[in-house]
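Reader: I would like to learn how to read a protein model feature by feature. Could we go through one together?
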Amino acid sequence: MSDRRMYLFVLLLFGVCGCERKLEMVSSREDPADEPNVKIEAEYVAQVQKCLWFEDKVAAYTISFDDARASHYQVAGPLLHQRNICGTFFINTREIKDWSGWQNLADMGHEIGSHTWSHPRMTALTEAQQRAELEHAIFDIRSNLRGAPPVYSFCYPYGLFDDALRRVVQEYHISARGGGGVNRSGLSDEALTMVRGSGVYPPYDMTLFARILAEALSKKGWVNVYFHSVSARDDSNDTTIPLRRFIEHLDDVEKVRGQLWIATQAQVANYIRLHRDAGIKVEEIDQVSIKISLERLPENISDISRLTVKLALPNHWRNHKILWRKGNQKSQEIVNADGDRVYLHIGRDETVFLEAKMNKKR
Ligand SMILES: [Zn+2]
């Protein structure tokens, strides 16, 4: 990572998930508006690259939980919160009487996904029954959680799906988890209806999942690790992992955290679509500023993920004060301004403006 130090890091604030890591950024102490601008050299051609994963991380990681178990909000959620990790909780809604635990998870920034209404073997149902299962779960989640959050993600009960079911699910959700293994980047919308997951089952040998993390890093892919119950009393059965084993996994994640983008299934699926399809529009304005936005966005892209792009700065801007702003916001200075590139996180409806101001100290 040492070569990265020369780059400039920019924080474009994420209001979406409380778990996003904050990149270094300071507000300018004085209002730099009156200082003279540094002109962009005539030969400057904007070189901009989309980063495979958010913040230019090597691989993506999602932790998910199936079957609406009480231990999800009693045990797992608080532990994830301590570690600043947001997970995806797939709930089957039929048996839920008290929604307060799920509300707490949603309030912490976790994603609540659908695992159907009654957890049936979906492939054995008629299409009308399948639709009823999907619609009922979505209705329950949206009507019982404050703010009626969209239900972007789905998980097939028993991992069972076929082509017909995938097509139905795709009408309701951005992605669905089924199948096993590590996902590559650049998944098609169809492939996003069978996102691979790595289920944690007895004998709860967590070294296996440390190896899967390593595999995701080496493939620059996306790993989605899922659990069922987590026992605070360290009990164990087919779908209950003892707490110490669960913590062992979180510790393994922590060890490679610098290289991992940790995000919910919805955030990663959305990012994959943005990265795959979006174009980047870079315009120079009046020889002194640069305006960057996304174009050719895929359909139904949401604002839950921003695309990280890497932009080479004009040579004339080197060693000067680089400022950025979004829309009508106040300009902020980019720290560590001795490099020649910036990382920018750009959302669906955002435009980022960059300019350079004379550095009087030099
Ligand atoms: Zn299940």
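Reader: Which residue stands opposite Cys155 in S7?

Author: Strands here are DSSP runs of E with at least two residues, helices are runs of H or I with at least four, and both are numbered from the N terminus; two strands pair if DSSP finds at least two bridges between them. Cys155 stands opposite Arg177 in S7. Strand S6 (residues 153-155) and strand S7 (residues 175-180) pair in the parallel sense, over three bridges. Arg177 in turn stands opposite Val195 in S8, and two bridges join S7 to S8, again in the parallel sense.

Before going further, please note that this is a predicted model, in which local features need pLDDT of at least 70 and side-chain atom pairs count only at pLDDT 80 or more, while totals for chains, interfaces and linings use all residues. Residues are numbered from 1 along each chain as its sequence is written.

Reader: Which elements make the right-handed β-α-β unit?

Author: A crossover is called right-handed if, with the strands pointing away from the viewer, the path from the first strand over the helix to the second runs clockwise. In this model the unit consists of S6, helix H4 (residues 163-172) and S7.

Reader: What is the mean pLDDT of the protein chain, and where is the pLDDT below 50?

Author: The general idea is that pLDDT gives the predictor's confidence in each residue, from 0 to 100. The mean for the protein chain is 90, and 89% of its residues reach 70 or more. Over residues 1-18, however, the pLDDT is below 50, although this stretch has 41 contacts in the model beyond near neighbours in sequence, a contact being two residues whose C-beta atoms, placed from the backbone, lie within 7 Å. Residues 20-28 also have a pLDDT below 50, and this stretch has 19 contacts beyond near neighbours in sequence.

Reader: What is the order of the strands in the open sheet of five strands?

Author: The order is S13-S14-S19-S16-S17, with antiparallel pairing. Strand S13 (279-285) and strand S17 (332-333) stand at the edges with a single partner strand each, so one side of each is left without a neighbour in the sheet. S14 is joined to S19 by five bridges, with Ile292 opposite Val352, while six bridges join strand S16 (residues 321-326) to S19, with Trp324 opposite Leu354.

Reader: Is strand S19 mostly covered or mostly exposed?

Author: A residue is buried if 20 or more other C-beta atoms lie within 10 Å of its own, exposed if 12 or fewer, and partly exposed in between, with C-beta atoms placed from the backbone. By that count strand S19 (residues 351-357) is mostly covered, as five of its seven residues are buried. Take Ala356, which is found in strand S19: with 26 C-beta neighbours inside 10 Å, Ala356 counts as buried. Leaving aside residues up to four places away in sequence, Ala356 touches Asn37, Val38, Trp317, His320, Lys321 and Ile322.

Reader: Which backbone angles deserve a careful look, and where is the cis peptide bond?

Author: Most residues other than glycine have a negative phi, and most peptide bonds are trans. Here a cis peptide bond joins Pro202 and Pro203, with omega about 10 degrees, and Pro203 is placed in the loop between strand S8 (195-199) and helix H5 (207-219). Glu55 has a positive phi, near 60 degrees, and lies in the loop between strand S2 (48-50) and strand S3 (59-66). Phi of Lys220 is also positive, near 55 degrees, and Lys220 lies in the loop between H5 and strand S9 (222-227).
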